[in-house]
Structure formats: C-alpha cells, structure tokens
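Here are a few notes to read alongside the model. Please keep the structure open as you go through them.

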Amino acid sequence: MFSHGGLVQIVAKRIYEWARTDQRRYSLSFFAMGNTCSNHLGIPPAKGPYPVGCTDFMMDHTAQGSFFRLYYPCQETEKAEKPDWVPCKEYFNGLADFMKINRALSERIFNYLFGSFKIPAYLDAPFKSNAKCPVVIFSHGLGAFRTLYSAVCAELASHGFIVASVEHRDQSASATYYFHEKTESEENVPKTSASAQDNLVKEWMYYRSLRHGESEFPLRNKQVKQRADECILALDKLTDINSGITVQNVLQTQFDWTTLENSMDLCRIAAVGHSFGGATVVEALCKEVKFKCGVALDAWMFPLDDEIFPRVKQPIFFINSEKFQWAGNISRMRKLDSALIQRKMITIRGTVHQSFPDFTFLTGNWIGKLMKLKGEIDPEVAIDLSNKATLAFLQRHLGLEKNFNQWDPLIDGQDENLIQGTNVTVLQSAI
C-alpha cells in the first residue's frame, strides 16, 4: 500500500512496531523526548511577502458537501492563534484504523510525537490582499487529510494565492467527517462540535481498506473520479463566495466570508496535489477546463484510465522524488507528453515520497530516515525547490505578473539538487 502512495502508512506501522515491547516503548519515549524538544523541528514558516491566514469551510453538512481548509493572504494580527496541525484525536484514530493497529496506543504515540505542532498560518485572521488572488485547489494523498500539506499551501498563500486544501470523502482520507440532522432519539444528545449548528450530529468517515480478494483498480479509479469532482465542487463554492452569494459555513468559524467577495481571479485557477492527489490533478484537468494548469507532486498514476490522457489539454508539471518513482509509473506520466502542450518533469535529488507532506519536518534526522519521512537532502531545501518551481510554472501558465519567473530555470531542472526529467530508466516501448 505504501508503494501505492499511502503517505501515512509507513509512519504508523514503524512507530507501532517500535512501541510493542516495554523496551521499545522506553526507546521511543527517549527518542521522542529529544524529537519534540528540538528547536529545529516544526513546519517552516512561509517565505512570501504576505502573512497567511487559514480557516475551515464546510458547505452542505452531508457527505456530498464540500469540505476544505482555506489558506489566504491575511492582515497582520497579534491576537490570532495558529491551529493544531492535527485537528483532533479522531484523526489519530483514523491513522490507527488505516494501519489496523490499536487505537489507544497509537493515539498516545502520535499525540506524543506530533500533537504539539502548529500550522504556519493564523486561524480565522482577516483576509487582506491588494489585488485579486489566483486560486489553487489542492488534493491530498492516500491516508492523509486536509491539514497535512500546510508547508506547501501556506507558501502559495504567502505569495498571494487563495488555496483550498480539500478533505476528500471518497474513503481515501485516513479520517474525515460530516454531519447528519438530529433524529428524535438524539434530541438529548450533547452537541458534538462546538463549531457546528445545534441540530447537527457529527459523523466520522474512516479509510476504506481493500477487501479480501478485491481488485484495487476499480476502487481507486472510482475514488479518483470522486476526488476530481470534489475539487471541482470546492472551486464552485469559491466561485459562489467570490460572486457575493451568501454561503452558510456549517462549521460556524469566526472568519468573515463576505470579505472574499470579488477577491479571486477566476481566470487563473490551477490544481495541485501529491501522490493520489497528483492523479486527482490529472483527472480534474480532464473534467474541468477552468483549471488552466496542474502541478503533480510525486504522482501515483495507477488510479487513472488510459483513455483520459489524450483528453487533458492543459499544461502539467510533474515534480518527483528520487526514491519513489518506478518505470511503470513514469511511463504513464510520459503518456501525457505533447508537442503542443507544455508537459514538464523534474526530480529532486535525495528526496523520498514523504518529502512533500509536513511529516518530513516533524521528526529528527534518525527517526525520520528510519520511517522514510526524510531523504538525504535537507527537507527545507527540498520543499523550497518544489515550491519555487511550482510558483514559476504557475506564473508561466496562469499569466501572472509576479517575479516568480526568477525561478524558471528550476522548471528545466537547472539546479545541483535537481534532475531534468527522471532518474528512472523507461523503455520507449513501455510508453
């Protein structure tokens, strides 16, 4: 499963194996103490000129609604707090279920290792931008959820983008939730969320494992189609908000959504995603021409139908890790090659599949490499290269009047830490 793009599975599995004996519990406790006390651990702050705010949005309380974390340029503020990286314990439980391991022990381990970290953005801070913002819809990987890519999303927002990080309801997230209306028998049930309406009860949806003997492709193909639809739905909701249509956020946050009226440049929209989210980018571009380009971070191409490749007409940028990719996956990316449409690929030297989500910043060097959360390259150098190359590509294909073109050479792999194209040998007959 990990080789198929599950970014969190390796984390839970190896930590759990360490913790199964008293001696290993002691070793983990000793190491985690050093891990959490290190001054060097934490999600790096965004480097762009704008401070970054974030808020959560759920429109339509059912599983068919839209749910995303929004990142945006914000006003300087001293009062606003930074939210927890993992929003609540149910997400730790989801990671445990994803791995089929004990919830109670896993929750304690995850909470100990990762529970103190914060998102590098100010919760519900007032929106502020001097110009209309281009829009990015972000799609997470298998077993992830909406908050785990904050280093990528916050960086884009700090450069003037509005970014919606979708939490998928296709049962590929380790955990997510929605609400149902209270029944008569539930009228005396306490309110399940301080930020939800009184007549709603929270329902959790956890990762769906493959059943015994079940073929994987039909499930993943169905999921990638739903994921693309959810990205398009998120864009539709942002379009409504931008048009001044009154929206009701089920979560009842403190953020004033009316301030986003006429704030977005809806002629400049892109899709970005990691792993399963990279495949989602390709599917979404095929389904919706409003996406002008896409960036696929270490994409897992397995879920896609071959027949969609010739139907994708927008530019795509594949940014790959050195250790994850294999010939069959690269050959599917190459099926998108075109003489007329720009399709670019680079590989970041010394990186692993988990060099893109936030986990890579939150463990020390030794345990990070044990769990394959870190490669040989400094994780901040790797994400900086990825983010700068992404910004340059977005400027080129969204027609932005920014200075991101200073990083144009990265698009062609011109850096000592980059490889133009791939490090994987692919036979021409396989494409």
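1. Gln171 is not a glycine, yet has a positive phi of about 70°. Most residues other than glycine have a negative phi. With 32% relative accessibility, Gln171 is partly exposed, a class between buried (under 20% relative accessible area) and exposed (over 50%), using a 1.4 Å probe and protein chains only.

2. Some background: this is a predicted model in which local features need pLDDT of at least 70, side-chain atom pairs count only at pLDDT 80 or more, and totals for chains, interfaces and linings use all residues. Residues are numbered from 1 along each chain as its sequence is written, and side-chain values use heavy atoms, leaving out hydrogens and water.

3. How far does the confidence reach? The average pLDDT (the predictor's confidence in each residue, from 0 to 100) is 89, and 87% of the residues score at least 70. Residues 21–39 stay under 50, and the model has 27 contacts for them beyond four places in sequence; a contact means heavy atoms within 4.5 Å. Where pLDDT is low, the predicted coordinates should not be read in detail.

4. Ser275 also has a positive phi, of about 60°, although it is not a glycine. Its loop lies between strand 8 (264–274) and helix 7 (276–287). Is Ser275 buried or exposed? Ser275 is buried, with a relative accessible area of 0%.

5. Now look at strand 2 (residues 66–73), where 8 of 8 residues are buried. One side holds Ser66, Phe68, Leu70 and Tyr72, and the other Phe67, Arg69, Tyr71 and Pro73. Strand 2 pairs with strand 1 (residues 52–59) in the antiparallel sense over 8 bridges; pairing takes at least two bridges found by DSSP. Gly53 stands opposite Tyr72 in strand 2. The hairpin of strand 1 and strand 2 has 6 residues between the strands, and Asp60 takes a positive phi near 80° there.

6. Strand 2 also runs antiparallel to strand 5, joined by 4 bridges. In strand 5, Val166 is the bridge partner of Phe68.

Technical notes: Helices (H or I, at least four residues) and strands (E, at least two) are DSSP runs, numbered from the N terminus.
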